[in-house]
Amino acid sequence: MKDSTLNARRAPPVRHGHSAAAQAPAEWRYLVSVLAGLLGALGAFYALLFTLEATGDLPPPAFSNSLCVDEKLSFMRENTALSPNLLVVGSSVAWRHFDGATLQARASGMKPLNGGFCGLTANQSVHVANWLLDRQPTVRQVVMIVTPQDFSDCINHKDAVFDVREADDFVYGGASRWPYYLRYFSPVSLLGNARRVKDRRTDSADLDPLIFTRFGDGPVTTSASLPTLGYGRPDMLEPSCFQALGSLAQRLQQEGRQLTVVSTPLHPDWKAKEDPSGAFLKDFDARLMQALKGTNARYWDADDEWKPDRSAFT
């Protein structure tokens with residue numbers, strides 16, 4: 001009795017349901033279904049991209065998720081053989097307030113490249129300038145066009161507005177653009193940009209067109225006007241912004257290249273409203289000159305020395 005009871009206790013339990021062999025096909029079917037779904041979604045995504053490209057509605061890869069920044073990178077990708085000797089850097093005022101054709105017509109031998117990107121703070125403009133200087137050894141002169149708004153809140157904006165290594169591969173390395181659409185996948189941004197990018201690439205009368213000259217600038221010629229100034233006085237001028245500018249001046253001096261900083265003309269209504277005494281802009285000028293002190297950099301206060309009338313502003 002004792003032996004038989006022990007053997008009964010040692011007997012393996014009886015298992016019910018499907019065997020392991022029967023479960024295997026079901027697991028494989030599940031994996032195949034998941035894989036097929038992924039491939040189908042990927043195929044549908046790229047079919048959408050190819051359709052948008054065929055209709056002229058395909059935005060650039062979203063390196064920064066800013067359409068005007070990403071479009072500028074795409075322009076630079078298509079124009080890598082410029083061999084410039086003058087580099088223009090800065091934010092929107094550098095992009096919009098510089099006309100390479102006019103410069104070339106009046107200064108023989110100048111070959112400008114406009115490396116201005118929209119919406120950058122001063123530290124971000126310096127970061128972009130350093131990237132372009134590393135890639136453009138023919139540049140002998142750099143012009144940084146600035147406005148007071150560029151020199152506030154740098155501390156809350158990281159230097160790199162896009163990944164320089166990936167942008168380097170995209171612009172200068174000949175990398176295929178298609179993987180970047182998947183790497184920077186953002187369906188809301190993609191579809192939103194697709195609805196407006198075509199018009200901005202073709203409508204020269206738009207207040208914010210995405211049209212580049214062969215030099216990379218985008219001066220605006222339009223009769224349209226904004227209902228308000230669109231921007232106020234910066235909260236404060238931040239020391240780190242001027243430190244970034246100073247670092248660029250020091251680099252260029254060490255390399256035997258010339259830096260010129262230009263303070264762009266400001267709307268007369270803005271100055272009357274935001275700085276009627278002129279004290280704010282005087283402080284701005286003083287900080288710019290202090291940042292450049294001890295280097296061979298030059299400063300031109302175009303806002304003070306050249307006063308266009310209101311028709312020059314939108």
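I looked up helix α3 (residues 67-78) against helix α7 (residues 164-171): their axes come within 8 Å and cross at roughly 40°. Angles from 65 to 115 degrees count as roughly perpendicular and those under 35 as roughly parallel, so α3 is oblique to α7. On the α3 side I recorded Leu 73, Ser 74, Met 76 and Arg 77 as making the contact, and on the α7 side Ala 167, Phe 170 and Val 171. I sorted the residues of this contact into five nonpolar, one polar and one charged. I note that the model is predicted.

I then searched for cavities of 30 Å³ or more and found two. For the largest cavity I noted a volume of about 110 Å³. I counted 14 lining residues, with Ala 62, Tyr 181, Tyr 184, Ser 186 and Leu 190 nearest the centre. Helices α8 (178-183) and α9 (187-194) are the elements that give two or more residues to this lining; α9 gives the most, with three. I classed the lining of the largest cavity as ten nonpolar, four polar and no charged residues.

For the second largest cavity I noted about 50 Å³ of space. I listed its lining as Met 76, Asn 79, Thr 80, Leu 82, Pro 84, Leu 113, Gln 136 and Tyr 172. These residues divide into five nonpolar, three polar and no charged. Met 76 also belongs to the contact of α3 with α7.

Last, I looked up Gln 258, which lies in strand β4 (residues 258-263). I found a polar atom of the Gln 258 side chain 2.8 Å from the backbone oxygen of Asn 296. Leaving aside neighbours within four places in sequence, I listed Arg 140, Gln 141, Val 142, Asn 296, Ala 297 and Arg 298 as in contact with Gln 258.

Definitions and conventions: Residues are numbered from 1 along each chain as its sequence is written. This is a predicted model: local features need pLDDT of at least 70, side-chain atom pairs count only at pLDDT 80 or more; totals for chains, interfaces and linings use all residues. Side-chain values use heavy atoms; hydrogens and water are left out. Helices (H or I, at least four residues) and strands (E, at least two) are DSSP runs, numbered from the N terminus. A polar contact is a pair of N or O atoms within 3.5 Å; within protein, one must be able to donate a hydrogen and the other to accept it, and residues adjacent in sequence count only if both atoms are side-chain atoms. Contact means heavy atoms within 4.5 Å. Axes are lines fitted to C-alpha atoms, for helices over the stretch in contact, and angles run from 0 to 180 degrees between N-to-C directions. Angles under 35 degrees count as roughly parallel, over 145 as roughly antiparallel, 65 to 115 as roughly perpendicular and the rest as oblique. Ala, Val, Leu, Ile, Met, Phe, Trp, Tyr, Cys and Pro count as nonpolar, Asp, Glu, Lys and Arg as charged, and the others, Gly among them, as polar. On a 1 Å grid over the protein atoms alone, a cavity is a set of points where a 1.4 Å probe fits but cannot get out, and a pocket is an open set with protein on both sides within 12 Å along at least five of seven lines; lining residues have an atom within 4 Å of a point. Grid points are joined across faces, edges and corners, and a volume is the space filled by probe spheres set on the points.
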